[in-house]
Amino acid sequence: MSTSNRSLPTPLRSTLGDKWAAALISGILGLAAWWLVTVIFPRGLFPGPVETVNASVELLASGIVWTHMEATFFRTFLGFIGAFFVGGALGVAMGINNFGEHFSTPIIIIALSIPGIAWAAITTIIFGFGVAAPVVATAVTVFPYISLRIWKGVEDIDPNLIRMSRSFDISKARLLRRMILPSIAPALFTAVRFGLAISWKIETQAEIFASNSGVGYRAIEAFSRYQYDTAMAWAAVFVVIVFLLEMAVLRPLERKVFAYRKEADFGVL
Amino acid sequence: MASEVQQSTESDDSAGIAHGTSTAGAIHVRNLTKEFDTEEGVERVFEDVSFDIEPGSFVTLIGRSGSGKSTMLNIISGVLEPTAGRVDFEATQDSDVTLGHVFQSPRLLPWNTCVENIEYVHENNPEYTRELAEEYLDLVGLSNHYDKYPSQLSGGQRQRVGITRALSIDPEILIMDEPFSNLDEITAESLREELISIWQKLGKTVFFVTHDITEAIELSDRILMLGNGTIFDDMSIDLERPRDVDSEEFLKVRQDAINRFHSVK
Ligand SMILES: Nc1ncnc2c1ncn2[C@@H]1O[C@H](COP(=O)(O)OP(=O)(O)OP(=O)(O)O)[C@@H](O)[C@H]1O
Ligand SMILES: [Mg+2]
């Protein structure tokens, strides 16, 4: 069985209590490092955690956050969806046949080597200011990562389970839902998680060139006015929201989909 | 099902499988040839092979590794197309014959429980209920494991789920490809005994593949020996059941089988 050896021996896995403690310690260490940097480096220019929190509160109170946040989220999401469909289709093609693999490989290698910032410039030249430029820049930068992940996921499907299904005359629809989707679910989750994370970075970069709204645009604007704490606050507010998305949506969903592993004491989550 | 694999139906027997009285579950293999196109050219696995399998009988195909046993089973189950020749079945009702396939490894869906794994193959069975799955799991001694995942079972228990899954569709023909060869001998032996008792109870045709001569003699009414691209021997085993592998008659038959098997290089 392909999944039977994935778990670590129990003594190496942490208990639930340890998990929270570990997360807390890493968070505190991160904040401490940030604070240390602001102390060591020049003269109060770089805003520390406290200044950032204060600026964030101000930002939230002013209400201006939401329109820009919405713009950035919307475009990140559109770019990600585009990347997901294009990347997913190429990944599936690579996974299921040789033609697909040889067709997609050069596209992906080339696409991987082009920096997101270059795409942002190119799409701005093509589409001008507006929604299209950052969305397309995000989609074309992110799709190769998704392709690679889905490709590996599709390649890992156990051909013996497909043969078994065929010998029991299972329909294509049932095969897809009961056999293919669960086997590529881990790859799908990784693709979504990394895809969204990269999308958001590319989107905010692209906004610098290609937009006059959004979190990235406002952060760079604040930066150019020497309002460093506000620039940091824009980033911080977004980080919190992405974190909540992970905890409130992705994690619970993942826990549900992989319940069978947990029950089987796989301990991968 | 492969296009060359034909169905014929048995319309005078509509009340399920009747022991010994019908020809439902018979398999007729006619002039079967199988070639694979490989990089070194055409590889012929076997040529012009014909045999018939009586309904309700337990027939075993033995042969060395690479002799084409799995290929033969895959052609019979419709997973592979023959290069030439055909396979005919006789079914109980006016429908396709049903085949239950048991594989060398159990091939269970790891994300589904035992019951769900059985439910998976009942796509076109409106009468499927959870009770049916449970009943079949009871049959192989898995009453306490309905809702366990494959990773929570031992190798032997997983193999039993695989056997149960095949039995649960109430197939006229059960085909089994070295189902016990990955198991330790003690587990394998108890599963063999279970298989024989289920076979005697349900009266299915069983077409079994192994490379273990002792196992073949213990289980079968008849042994077909595959080698050099043909069935070179067809041996009836008339030992009484239950069979004692240490008895003198058994050892005599076994020696005879070994001699016949090794007569062809
Ligand atoms: N898809 C394939 N393409 C090319 N050659 C194949 C293919 N499948 C099987 N063969 C060849 O056909 C021959 C018979 O293979 P098969 O799997 O039927 O053997 P087997 O008798 O079941 O062996 P074993 O006891 O090891 O399982 C082998 O020589 C194998 O290399
Ligand atoms: Mg084989």
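Please keep in mind that the model is predicted. Chain B and chain A bury about 2,400 Å² between them, while ligand 1 has a shell of 13 residues.

**Where chain B meets chain A**

- The contact draws on 24 residues of chain B and 23 residues of chain A.
- Carbon and sulfur atoms account for 62% of the buried area of about 2,400 Å².
- On the chain B side, 32% of the area buried against chain A comes from Arg107(B), Trp111(B) and Tyr120(B), more than from any other three residues.

- Two salt bridges are counted between chain B and chain A.
- A salt bridge joins the side chains of Glu119(B) and Arg178(A), at 2.8 Å from N to O.
- In chain B, the elements giving two or more residues to the side that touches chain A are β6 (99-102), α2 (114-120) and α4 (155-168).
- That side of chain B is made up of twelve nonpolar, six polar and six charged residues.

**Around ligand 1**

- Lys69(B) places a polar side-chain atom 2.7 Å from an oxygen atom of ligand 1.
- Polar backbone atoms also approach oxygen atoms of ligand 1: Gly68(B) at 2.9 Å and Ser67(B) at 3.2 Å.
- On its own, ligand 1 has 640 Å² of accessible area, and the protein covers 62% of that.
- β2 (27-38), β3 (41-53) and α1 (69-76) of chain B each give two or more residues to the shell, with α1(B) giving the most, three residues.
- By type, the shell holds two nonpolar, seven polar and four charged residues.

Terms used. Residues are numbered from 1 along each chain as its sequence is written. Chains are lettered from A and ligands numbered from 1 in the order in which they are written. This is a predicted model: local features need pLDDT of at least 70, side-chain atom pairs count only at pLDDT 80 or more; totals for chains, interfaces and linings use all residues. Side-chain values use heavy atoms; hydrogens and water are left out. Contact means heavy atoms within 4.5 Å. Buried area is the accessible area (1.4 Å probe) that two parts lose on being put together, summed over both. A salt bridge is a side-chain nitrogen of Lys or Arg within 4 Å of a carboxyl oxygen of Asp or Glu. Helices (H or I, at least four residues) and strands (E, at least two) are DSSP runs, numbered from the N terminus. Ala, Val, Leu, Ile, Met, Phe, Trp, Tyr, Cys and Pro count as nonpolar, Asp, Glu, Lys and Arg as charged, and the others, Gly among them, as polar. A residue is near a molecule or strand if one of its heavy atoms lies within 4 Å of it. A polar contact is a pair of N or O atoms within 3.5 Å; within protein, one must be able to donate a hydrogen and the other to accept it, and residues adjacent in sequence count only if both atoms are side-chain atoms. Accessible areas come from the Shrake-Rupley method with a 1.4 Å probe; for residues, only the protein chains shown count as cover.
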